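Work through the following exercises with the sequence and the coordinates at hand.

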Amino acid sequence: MDNLARLLKESWTLVEDDRVRLSGHFYARLFLLDPALRQLFPVQMTGQGDRLLEAIITAIHTVDDPESFDEFLRALGRDHRKYHVDERHYATMGVALLDALRSTAGDGWNLEYDQAWREAYAAIAALMVAGAASDDDPPFWHAEVLTHERYGPDTAVLTCRALQHPLRWQAGQYVSLEVPRYHPRVWRNYSVANAPNDDNVLEFHVRSPGAGWVSGALVRRVRPGDLIRLAAPMGSMTLDRASERDILCVAGGVGLAPIKALVEELATFNRTRWVHVFYGARQAADLYGLDGLQELVAVHPWLSVTAACSEDPDFDGEQGEIPEVVARYGPWTTHDCYVSGAARMVRSTLRVLAADNVPPPHIRYDTFGDL
């Protein structure tokens with residue numbers, strides 16, 4: 001396995017700087033091999049290649065960690081049922097992927113790399129097929145939007161109720177969401193912002209500063225009564241109930257969503273662990289969830305919240321980027337740490353935690369890019 005992981009990572013360096021070409025070649029070859037597959041994808045393919053490549057990158061970086069490799073790919077297989085992907089499609093995708101890798105890598109590609117990717121893809125496909133086959137839940141859930149509240153021009157908090165079938169998730173997980181009325185077959189990941197409940201109601205926090213398709217529709221066009229679709233929950237940023245360590249939660253912007261869900265879950269059983277939430281944004285107006293957090297603080301003595309703004313000198317709280325603020329309050333060596341927000345913010349926070357010598361198994365995080 002070590003040699004396989006080495007070959008995969010080594011060969012990936014030949015193509016990682018030319019991802020646009022790689023994904024373009026993959027889809028061109030895929031649709032040439034099986035034109036019927038084109039109807040499974042959105043009309044506009046922008047961003048689709050990135051999601052494919054992120055899945056590949058995650059897989060090759062976990063191949064030497066069998067437990068993570070298995071868990072990630074089984075979940076990915078369950079998730080891909082929303083695209084109507086079935087077992088026969090995986091062989092075609094494998095041919096297209098190997099062809100794209102060879103073409104993009106050029107003269108640096110060799111037979112060892114080719115065999116390594118064949119072996120790895122066979123394992124990837126087998127685990128994804130097994131994951132899809134093991135799930136009795138539907139490929140996706142229809143859900144009705146119940147409430148929709150705007151916070152400024154770019155942010156919305158909405159709730160929806162899953163219809164027909166119960167949707168089971170854990171605090172800290174995320175789901176893929178589609179708005180078929182406006183952008184059919186385009187899916188975007190969003191963290192669930194509340195702990196599980198018996199009413200099948202899920203809360204989402206969405207920010208769309210630009211022209212993101214799904215996020216833009218959720219912020220500016222969706223209204224109560226509209227129907228959306230939700231895919232199976234994914235992600236491992238969940239609570240370790242067996243741990244006795246205190247907890248650090250770091251949220252940037254709408255990264256507050258899974259942190260809020262984790263705090264709500266803790267409120268149902270925690271009595272002994274101190275929980276420190278750090279919540280940052282550029283301007284005070286962007287701290288849309290601060291009032292709700294402070295209400296929780298008033299009820300739960302084990303909870304503290306520290307808010308910070310990086311570009312608002314009039315804010316009556318901490319000043320600076322949230323990772324810098326977290327560093328000032330450290331060290332966090334003995335804590336379970338949860339980090340959620342934009343990729344840059346997450347990377348900066350991880351560096352702070354690494355400097356504090358927090359063991360990697362005690363750190364959990366998810367990041368999502370913009371569409």
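**Exercise 1.** Across which strands does helix 9 lie?

*Solution.* Bear in mind that the model is a predicted one. Helix 9, made of residues 290–299, lies across strand 8 (275–281) and strand 9 (303–309), and its direction makes about 155 degrees with strand 9.

**Exercise 2.** Determine the strand order of the open sheet of 6 strands, and explain what sets its edges apart.

*Solution.* Begin with the order, which reads 10-9-8-7-11-12, with parallel pairing. At the edges stand strand 10 (318–319) and strand 12 (363–366), and each has a single partner strand, so one side of each is left without a neighbour in the sheet. Next, take the pairing of strand 12 with strand 11 (residues 336–340): the two run parallel and are joined by 4 bridges, and Y338 stands opposite R364 in strand 12.

**Exercise 3.** Describe the second largest pocket, and explain where it lies relative to domain 2 and domain 3.

*Solution.* This pocket holds about 250 Å³ of space. Its lining has 13 residues, of which K260, G289, D291, G292 and L293 are the closest to its centre. Strand 5 (201–207), helix 8 (256–266) and helix 9 each give two or more residues to the lining, and helix 9 provides the largest share, 4 residues. Because domain 2 (141–234) and domain 3 (246–365) both contribute residues to the lining, the second largest pocket lies between them.

Technical notes
Residues numbered from 1 in each chain as written. Predicted model: local features only at pLDDT ≥ 70, side-chain atom pairs only at ≥ 80, totals over all residues. Heavy atoms only, no water. Pairing = 2+ DSSP bridges. Contact = heavy atoms within 4.5 Å. Axes fitted to C-alpha atoms, helices over the stretch in contact; angles between N-to-C directions. 1 Å grid on protein atoms, 1.4 Å probe; cavity = no way out; pocket = protein on both sides within 12 Å on 5 of 7 lines; lining within 4 Å. Points joined across faces, edges and corners; volume = space filled by probe spheres on them. Domains from an automatic or database assignment.
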